[in-house]
Amino acid sequence: MKDVKCECGHVNPHGTVLCEACGKVFDEESKDKSLLDMRYEGSARRSQTYNKSIVDKIWNFFSSVKVGVWLIVITLVASAAGTILPQEMYIPPTMPAEEYYEDQYGWFGKLYYELGFNNLYSSWWYLVLIAMIGISLVICSLDRVVPLYKALKAQRVTRHEGFLKRQRIFGTSENVDEQDIAAVKQRLMAKRYYVREENGDLLAEKGRFSRWGPYVNHVGLIIFLIGGMLRFVPGMYIDKVLWLREGETKVVPETDGQYYVANEKFILENYDKDKDKTFEAAIDRAGMVVKNYQTNAVLYKRVGPAIPGEKPELEKVKEHKIRVNQPLKFEKFALYQVDYKLDELNTMSFSLTNKTSGETFGDIKINLYDPKPKYDLENGYHVEVLSFFPDFEFSKNGEPTTKSRIPNNPAFVFKMTSPEVPNGETSFVAIQQTIEPLGDNQYKMAFKGIETKNVTALTVRKDLTIWIIILGGILFMIGVMQGAYWNHRRIWVQNKNGEIWIAAHTNKNWYGLKREIDSVLSETKINIPNDQIQSEKLDKEGV
Amino acid sequence: MKKRRLIMRTTILFVLAAAVAYTLYANLTKENRMKVEVGKQAPDFVLVDMEGEKHKLSDYKGQGVFLNFWGTWCKPCEAEMPYINNQYNHYKDKGVQVLAVNVSESELSVNRFAERKELDFPIVIDTDGQVQAAYGIDPLPATFLIDEDGKVVKYHTGTLTESTVREFMEKIKP
């Protein structure tokens, strides 16, 4: 591949359409056209011509905007497909995903599951698509910004006739004196143009940095993607849920057993229409409206070495009322209020009662998280707990079992011993249900009451990537503004064949450029140049 | 010039490919990225069994430890318990210890379960979930095989058959 040497002496890379320095047209096709395609300054972008090694082929593939657009379209379609049915993480955990999809959505659900769409956004092919967009972004940008930068840097003031003539805004004038040129130069500078002069020719330029807008934007996007990628690095991003009953102290996950948090109280407050008169109408319409979700939390730090299972020696770090958007923060962690469960059963009370006389012989209070095997009631009465089912149900073969360890539906098998029945009577007691499996009993465990506790759910969050993502977002917006609110305008005022030629180019807002030229050239002998594309609808040349 | 371009492009493509490969690897392994890795030292813990005796994992150096995490409501756990018990009785004199860690249930539930199933091996309750957190337990049942040097030899989740239990014990017999 040979470089192209222009008649002006500048050496251009192979594939260049317009000489970087003087703008002479190299490309045979462009020579026949009345206007030039000014995209990327006619530089040798994406080196379509080099196609030697496999590396070049891969490079050229990703350098294509067409490929980039298709990647985005495919990713959009795939992302949309992921929203047709709920993703696996959002389905209720009542049955395996394998059955759930078919059960709920029939053959389509089955197909959806088998195609792996149930975890679409973390599937390898989806990640590959995102990664390919990222690669395309990097390579497309590099392949364009470098030649563009070089071309804009190498441009000379004096341009080739063919270049000037083929600019969209072009005009010639005769009998112009030097004072006019000087006046034009003054006015251009007053309009904040950077004016360069060479042999009496002028090049006025402003807003070149607008051309870097898209690339700044892409750098932002790439940083954003890197931030997203870093979330997969262990320790960079933690998002866990911790359920805590009132009065409970638990280790904060992912802190290596260093931190513990206690839930002293969970509070749910509603708006009261008697107190907040302002909201009366709204409350009447909407019913209950929650005002506050709050966990009164205490953070502890473990003292001394940690062997899991040992009773930790804790030191209080701080108290905090965790409310929505008011997390408890420590080190890089934050505990957010995320969910709650009111009135979870905590204790149940029963009275040992004679069924016929109704006489009671003492109460027992059972802690559902730690029931005792035997409760003594004096005078020869006692109650044994033979079995305990915190989350009771009958299994398929009719035996009582428990679904979980949470006392959602507690059931007991009691053995009640009394002086009359020294060998005891057996009774199965569940909520609103009593079974006496071994015949009629003289005594029963009469239900007396329950105590409940509220449970809070806290999100344990650590995110070291957020600042990278924010930085990416800010750069993205700076790039958008840079490219959108500024224009790169150039005006050439040149001596050719004893005439004064005026040509101008902008990357957008041609109307603004024309107005600027009108005002600069007013009261001079220079003619206002023509817009060689008169029709408005073609006024959309980009980049 | 041409050579420089090739080096440049190769480098950039290589960096991009490495970033993508790492992301894919990290993402695809995040589900089975265990807290406790096979071949590494098993995290030490101390728990008290139903008889009030302390069990510290590091005290069992020189013996193999069959570490099982279970719950009374978990059907597969229930199914494998008799097998573990049988093999425990067979291997306890051959230097294999069984530790069954219950996941935060009440003493009563655990005792009743152990009585019903006639379990002989020591059962400990991880009341506040510290040991489960240290071992990253989910789902149940989970079994870790720890050799005489305290290294994790194998991690298994799901029901065991009697022959697998035997095979496992054989594996960690010193």
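Leu299(A) stands opposite Lys318(A), a residue of strand E10 of chain A. The structure is a predicted model. The two strands concerned, E9 (residues 290-302) and E10 of chain A, are joined in the antiparallel sense by nine bridges. They belong to an open sheet of four strands in chain A, whose order is E7-E8-E9-E10 and whose pairing is antiparallel. At the edges of this sheet stand E7 and E10 (314-323) of chain A; each has a single partner strand, so one side of each has no neighbour in the sheet. From one strand to the next, the twist averages 25°.

The loop between E7 and strand E8 (259-270) of chain A contains Glu254(A). Phi of Glu254(A) is positive, at about 70°, although the residue is not a glycine. Among residues other than glycine, most have a negative phi. Glu254(A) counts as partly exposed because it has 16 C-beta neighbours inside 10 Å.

A second open sheet in chain A has five strands in the order E14-E15-E18-E19-E20, again with antiparallel pairing. Its edge strands are E14 (374-376) and E20 (433-435) of chain A, each of which pairs on one side only. The average twist between one strand and the next is 25°. Strand E19 (residues 425-430) of chain A is joined to E20(A) by three bridges, and the two run antiparallel. In this pair, Ala430(A) stands opposite Gln433(A) of E20(A).

Further antiparallel pairing in chain A involves strand E5 (residues 201-206), which is joined to strand E4 (residues 194-198) over five bridges. E5(A) also pairs in the antiparallel sense with strand E22 (residues 489-496) of chain A, over five bridges. Glu205(A) in E5(A) stands opposite Tyr194(A), and Glu205(A) also stands opposite Arg490(A) in E22(A). The hairpin of E4(A) and E5(A) has two residues between its strands. Asn199(A) lies in the loop between E4 and E5 of chain A, and its phi is near 50°, a positive value in a residue other than glycine. With 8 other C-beta atoms within 10 Å, Asn199(A) is exposed.

The contact between the chains involves 35 residues of chain A and 37 residues of chain B. On the chain A side, the elements that give two or more residues are helix H2 (54-63), helix H5 (124-154), strand E7 (249-251) and strand E15 (382-389). The most are given by H5(A), with five residues. By residue type, the side of chain A that touches chain B divides into 21 nonpolar, seven polar and seven charged residues.

Just after H3(B), Glu118(B) takes a positive phi of about 55°.

Two other helices of chain B, H2 (residues 75-91) and H5 (residues 162-172), pack at an angle of about 35°, and their axes are 9 Å apart. The crossing of H2(B) and H5(B) is right-handed. From H2(B), the residues Tyr83(B), Ile84(B), Asn86(B), Gln87(B) and Tyr91(B) meet Glu162(B), Val165(B), Arg166(B) and Met169(B) of H5(B). The residues of this contact divide into five nonpolar, two polar and two charged.

In soluble globular proteins, nonpolar side chains tend to be buried together. The largest nonpolar core of the model has 57 residues, of which Val261(A), Leu335(A), Phe66(B), Val101(B) and Ile146(B) touch the most other members. Neighbours within four places in sequence left aside, Val261(A) is in contact with Leu244(A), Lys250(A), Val252(A), Ala297(A), Leu299(A) and Leu335(A).

Technical notes: Residues numbered from 1 in each chain as written. Chains lettered and ligands numbered in written order. Predicted model: local features only at pLDDT ≥ 70, side-chain atom pairs only at ≥ 80, totals over all residues. Contact = placed C-beta atoms within 7 Å. Nonpolar A, V, L, I, M, F, W, Y, C, P; charged D, E, K, R; others polar. Axes fitted to C-alpha atoms, helices over the stretch in contact; angles between N-to-C directions. Left-handed = near helix turned anticlockwise from the far one by under 90°. Pairing = 2+ DSSP bridges. Buried ≥ 20, exposed ≤ 12 C-beta atoms within 10 Å, placed from the backbone. Core = buried A, V, L, I, M, F, W, Y, C linked by C-beta atoms within 7 Å.
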